[in-house]
Amino acid sequence: MIAFRLNGSEVALDAPPIRRLADALREDLGLTATKIGCNAGDCGACTVLLDGKQVCACIVALGQVGGRDIVTAEGLATGGILSDLQESFLRHGAAQCGICTPGMLMAAASLLRHNPRPGPEDVEDALGGVLCRCTGYRKIVEAVLAVGSGRQAISPLSGAAVGASIAKLDGAAKLTGAEKFGADSYPADSLWLRAVRSPHASATFAFGSFDELKRRHPGLAFVLTAADVPNNAYGVYPNIKDQPVLAESHVRYRGEAVMALVGDQAAIEAIAEEDLPIQWHPREPVLAIEASLASGAPVLHRLCPDNVLARGFLKKGDTATGFAEARATASGRFETPFVEHAYLEPEAGYARRVGERIEIFASTQTPYMDRDEVALILGMDASRIRIVPSACGGGFGGKLDLSVQPLIALAAWKSDRPVRWTYTRPESMQATTKRHPARIEARFACDGAGKLTAVEFAGDFITGAYASWGPTVANRVPVHATGPYAVPHVVVSTRAIYTNDPPSGAFRGFGVPQAAIAHETLMDDLAEQMGMDPLEFRHRNAIRVGDATASGQRLVASAGLAQCLDSLRPHWRRAQTAADAANRQAGISRRGVGIGCMWYGIGNTSMSNPAAMQVGLGRDGGLTLYNGAVDIGQGSNTIMAQICADALGVPVSAIGIVMGDTDRTLDAGKTSASRQAFISGNAAKAAGEDLRAKLLRLANVGEGAILELAAGEVILRESGRATSVDLTRMEPLGPEGDVLIGQGYFDPPTTPLDAEGQGIPYATYGFAAQMAEVEVDVELGRVKVRRIVAAHDVGRAINPQQVEGQIHGGIAQGLGLALMEEYLPGRSENLHDYLIPTVGDVPEIEIVIVEDGEPLGPYGAKGIGEPALIPTAPAILGAIRHATGIRLTRVPATPDRVLAALQRKAAE
Ligand code: FES
Ligand code: FES
């Protein structure tokens, strides 16, 4: 027995002394606030206090804690009241997805115990070992600095929720550890699943007999192979089902699953790879664009004999004319790598059989797609599959694809036992999708007045072993390839190319961040050639209301790039003056300022992508928003309630939320493409308006009536008269027991693109301009980002604090793309070798929210998820160029690449 003090109580555990403390807390004691993001001491998600000091519980052995004092996030709140630290996190919007939050809280608590009044550097030092992929850290630092400065007071009245920075409605559970992520909740009698994955990028394989394996490992209940999967092919497109759940005879990438072991967790984890009866026969993999396109190259998929999965094309005007009219022309070739999502929550969940149905509790961004795909794989009707999304510890596009779902469902169906599975960190990094590596060649031209005349753009994107979202990238990039500028003559072609790499998928931007690096570098080139200021050159070319896009769509409203640039202008001038002054000093440090612009079509490209919502009124007067839009940390639970509350005319605090459960909510579509605020927000608004209209009719009162919810009734006040609608006598309308239901639906108006990419691909676009200030150490090649000013046209900020949080987080990811992130299959499959920005890497950020209202948007809103990231890398690259004169065309701009470029420049 190992005895210790835990959150103020004595506990004793009968467990091996080498058991990891994190496992003991979670599995043996049920304290799941302590998260496991890596199990290797790299991420800090498991941070707890040991005798008052922060430690990573995943690398502390139980034997080390005997007689000592441990505090976890569950021990911070007392009597249901949040501690001052938790309260400050809530008030500052410091928790987004919440998976890092307990670790952050414990790191901060450790600091505050020893230093109750820390400065910013103290906080950054204390939090330096805990990674966050969502927030960009700034609000976390603010929250720690502001501990004790007051409690949350904002609770908007009826009609005042939209535009208010209210705290997340589901925020408290993220701070206490009560929120259940994919690995946090499972039936006690669950079996465990482990996938066996290919160590080779390309290989054939064969299984021997499993009898010996089963005999030697009695805890192994059964093995699943491709032969057990009823329909062993899936994919996000209805017409492209190219990915097997378990590979059949050959694998196409390192990390592809070939079999699943199901049974007692300890028993199946103890099975050594050498004990598995698999014979591998490696083949020469296809690992680059040239190799894949070469004549005679191995064909990855029979249906694509040239290894080109998808092509995109757009043509407007006549580029020959455009280039002939040009005064200046700039061209370049740009390369970007695989980028890992690195959400801190690895894929996780459990499935159980309920009669003739399967229920899956798992981390996802898209419950309805999961339902339909799992149904297809199991050969069942979709009505027999229920998806209950867990809290999602970060997605960024990576949890739009299936992960644990099909195999746990299959195993649970087969065994009639619940089956759970959590990916290890290396497994998550090996097996799941990445940002598409890109190779882009582009040419931009402008006339003597500095107006763009022509753009040519050819982009190849590695889609890896399977399609995933490759066609989406191939189709979205052409529309965006010019950048947010008016260009009369454009030709764009794109390809998504198969290789023996991990599948590339959706990652915050669907190819647009890669394209932005190209177009913004070329805009700087042209400005330089024309002797124009980079900001003013962009301002001159900014696409505006009345202009036609490259796809021939005339913008009719809400195109706020010029306003974004206007708002940056004073910062730009100040920063340039400061950089010039600093650079007058001799030394190894050079300062620079750069600018990046972007636009982003909100929602899916040229296709119907509707959302449906319901809001129900119970007999007791309680309101519930049945919200199918999964909140992956961006805050849609809160903003949907804000929108619905104002549409209905009630305080937002009156609205309860049911999120994402396919049995209880309608399909609101995927949480992707920055679509939830605009599309699902419109559906939430329509649902609120519908319920309000029903109540007004029942009470026979006019539009302006004021609603008041009470126990068992709704009181409607108008011109001093009160009318009561008695809910207690009404019949329930469905299984939820609601007696009145408001329905809302919205599908953005788009048209298909023709063969030349002409049409209306999106109903509206987000716009942004960001400015970066950097310092480059010219001896070491190291780049430090000192400050970013970000101006974003979001139409309307439903919740300004959450908009800021998205921008902070997007900037952190954009900074990683620019300076440090490069996923190398087989080499950077953990958070030790794959670096993401820490609190010390993210600079001071100033945000300007531009609200050029979108008439089609709910209260004018558009979206912010992806726009937040896209301009950051170009702005940083522009700043490096301003500081040093080097023009980088390949990211990340690691010190060795910066140094090499500096040396090349010196040799010129
Ligand atoms: S889970 Fe312990 S440091 Fe990552
Ligand atoms: S809030 Fe930090 S990882 Fe999501």
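I take buried as under 20% relative accessible area, exposed as over 50%, and partly exposed as in between, with a 1.4 Å probe and protein chains only. The model is predicted: local features need pLDDT of at least 70, side-chain atom pairs count only at pLDDT 80 or more, and totals for chains, interfaces and linings use all residues. Residues are numbered from 1 along each chain as its sequence is written, and side-chain values use heavy atoms, with hydrogens and water left out.

**Entry 1: cysteines**

I looked up C597 first. Its relative accessibility is 0%, so C597 counts as buried. C100 has 4% relative accessibility, so C100 counts as buried too. Next I looked for disulfides (a pair of cysteine sulfur atoms within 2.5 Å). The structure holds zero of them. For C597, the nearest cysteine sulfur is that of C564, 8.1 Å away.

**Entry 2: the four-strand sheet**

I count helices (H or I, at least four residues) and strands (E, at least two) as DSSP runs, numbered from the N terminus. Two strands pair if DSSP finds at least two bridges between them. I found an open sheet of four strands, in the order β26-β25-β24-β30, with mixed pairing. β26 (655-659) and β30 (738-746) are at the edges with a single partner strand each, so one side of each has no neighbour in the sheet. From one strand to the next, the twist averages 20°.

I then followed β24 (residues 611-618). Eight bridges link β24 to β30, in the antiparallel sense. One residue pair I noted is G618 with its bridge partner D738 in β30.

Which helices pack on this sheet? I use contact for heavy atoms within 4.5 Å. Axes are lines fitted to C-alpha atoms, for helices over the stretch in contact, and angles run from 0 to 180 degrees between N-to-C directions. Helix α18 (residues 636-648) touches β24, β25 (623-627) and β26, and its direction makes about 130° with that of β25. Helix α19 (residues 676-699) touches β24, β25 and β30, and its direction makes about 140° with that of β30.

**Entry 3: the five-strand sheet**

I moved on to an open sheet of five strands, ordered β12-β22-β21-β20-β13, with mixed pairing. β12 (308-316) and β13 (328-336) are its edge strands, and each pairs on one side only. The twist here averages 5° from one strand to the next.

Inside this sheet, β21 (residues 452-464) and β22 (residues 489-498) run parallel, joined by ten bridges. I picked out E456, whose bridge partner in β22 is V491. Helix α14 (residues 470-480) packs on the sheet and touches β12, β21 and β22. The direction of α14 makes about 15° with that of β12.

Note on methods:
Chains are lettered from A and ligands numbered from 1 in the order in which they are written.
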